[in-house]
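Hi there,

Here is the structure I promised to send over. Please open it alongside this note, and I will walk you through what turned up.

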Amino acid sequence: MGVSNVSAGLVCDHDQTAAEPEVETTIRRRRVIRLMALESAASTHPGFVRAINEDAVLDRREIGLWAVADGVGGAHAGDRASQAIVDSLAELPAAASGPEMLQQLQRTLEQVNGRLYGEALAAGSERPIASTVVCLLIQGDRFFCLWAGDSRLYRLRDRRFEQISRDHSEVQSLLDYGLITADEARRHPRANAITRAIGAQQELALDCIMGDVEPGDHFLLCSDGLTKVVDDAEIALVLEECTPAAAADRLIGMTLERGAPDNVSVATVATVATSRASC
Ligand SMILES: [Mn+2]
């Protein structure tokens with residue numbers, strides 16, 4: 001179990017807004033290049049209750065792309081859907097810029113959506129061939145999160161642990177309306193009911209959040225198999241104390257120790273400052 005990428009990959013970004021004082025005092029303002037190494041790991045496990053693993057994970061540190069997909073449905077529809085997503089993302093070429101990469105990513109997910117939707121339609125199946133997906137794209141000092149469904153992206157920064165994505169689920173809607181508490185949401189009988197997924201509808205509606213990346217950030221992508229049994233405070237502590245590879249193993253391990261009622265997947269990404277250079 002576990003695929004890990006722990007060697008340093010360099011992300012080079014020309015950042016003209018965050019010039020350091022010694023750079024500004026030179027006659028010709030120089031561009032500051034922020035060098036960050038990315039460390040990452042990904043792991044998935046079927047758990048102890050489900051017969052097959054309908055989750056799939058992707059770790060492409062070399063192009064700054066990670067994904068977790070959680071297949072919906074049974075009769076091998078779920079695992080086919082999540083695997084189709086990850087297989088398509090595995091072939092995504094590196095693009096010249098972050099926005100271009102994001103566009104390619106979106107297009108790829110739309111294509112998979114169309115394919116899976118069409119397949120279920122052609123088979124006359126009432127059940128969709130569908131899967132959630134959460135993607136993290138890191139390009140320079142920006143990140144983009146693209147998702148559909150309830151697989152999540154979290155970030156730990158300066159000891160602040162934050163859920164970046166927002167679930168597309170029935171319980172999230174109940175939470176938004178203040179009808180249930182966060183604790184009730186976790187134990188809700190409709191906790192598995194998602195409102196968006198790749199392949200579920202003809203038109204795909206993805207959500208996207210972008211933000212800055214700072215050295216020392218830890219990101220976690222995960223399926224609900226983790227968050228059903230490990231709470232936020234425990235996850236935050238693991239990310240704070242462990243390297244991405246150790247954190248991925250530890251989070252899967254904690255889930256297994258607690259009976260792993262669902263398939264569980266994690267991808268962990270940390271940014272480490274290497275140096276600042278100018279040119
Ligand atoms: Mn799940």
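Predicted model: local features only at pLDDT ≥ 70, side-chain atom pairs only at ≥ 80, totals over all residues.

In the hairpin of E4 and E5, 4 residues sit between the strands, and Gly-64 there takes a positive phi near 75 degrees. Residue numbers start from 1 along each chain as its sequence is written.

E4 and E5 pair in the antiparallel sense over 6 bridges; strands count as paired if DSSP finds at least two bridges between them. Asp-55 stands opposite Asp-70 in E5. On E6, the bridge partner of Asp-70 is Thr-132, and E5 and E6 pair in the antiparallel sense over 8 bridges. E4 is largely enclosed by the rest of the structure, because 5 of its 6 residues are buried. Buried means that 20 or more other C-beta atoms lie within 10 Å of a residue's own; exposed means 12 or fewer, and partly exposed is in between, with C-beta atoms placed from the backbone.

These strands belong to an open sheet of 5, in the order E4-E5-E6-E7-E10, with antiparallel pairing. Its edge strands are E4 and E10 (207–212), each of which pairs on one side only. Neighbouring strands of the sheet are turned by 10 degrees against each other on average, direction ignored. For such angles, axes are lines fitted to C-alpha atoms (for helices, over the stretch in contact), and angles run from 0 to 180 degrees between N-to-C directions.

Which helices pack on this sheet? H2 lies across E4, E5 and E6, running at about 160 degrees to E5. H3 touches E6 and E7, and its direction makes about 170 degrees with that of E6.

H2 (residues 77–90) has 14 residues and reaches 20 Å from its first C-alpha to its last, close to the 20 Å expected at 1.5 Å a residue. That expected span is 1.5 Å times one less than the number of residues. H2 is mostly covered, with 10 of its 14 residues buried; among them are Arg-80, Ile-85, Val-86 and Leu-89. Those buried residues pack against E4 (55–60), E5 (65–72), H3 (98–122) and E6 (130–139). Contact here means C-beta atoms, placed from the backbone, within 7 Å of each other.

For H3, the 25 residues should span 36 Å at 1.5 Å a residue, and the end C-alpha atoms are 36 Å apart, which agrees. Its buried residues include Met-101, Leu-105, Leu-109 and Val-112, and what covers the buried residues includes H2, E6 and E7 (142–148). Just after H3, Gly-124 takes a positive phi of about 65 degrees.

Most residues other than glycine have a negative phi. Asp-158 is not a glycine, yet its phi is positive, about 50 degrees. Arg-159 lies in the loop between E8 and E9 too, with a positive phi near 70 degrees. Asp-158 counts as exposed because it has 7 C-beta neighbours inside 10 Å, and Arg-159 counts as exposed with 7 C-beta neighbours inside 10 Å.

Now to the core. The largest nonpolar core has 70 residues, of which Ala-67, Ile-85, Cys-135, Leu-136, Ile-198 and Leu-221 touch the most other members. A nonpolar core is a set of buried Ala, Val, Leu, Ile, Met, Phe, Trp, Tyr and Cys residues joined through C-beta atoms within 7 Å. Leaving out residues up to four places away in sequence, Leu-221 touches several residues, including Trp-66, Ala-67, Val-134 and Leu-136.

Thr-255, in H8 (residues 244–257), is buried, with 26 other C-beta atoms within 10 Å. Thr-255 and Gly-47 are 208 residues apart in sequence and 8.0 Å apart in space, C-alpha to C-alpha.

Finally, the whole protein chain has 8 helices and 12 strands, and 44% of its 279 residues count as buried.

Best wishes

Methods: Helix = DSSP H or I, 4+ residues; strand = E, 2+ residues; numbered from the N terminus. Contact = placed C-beta atoms within 7 Å.
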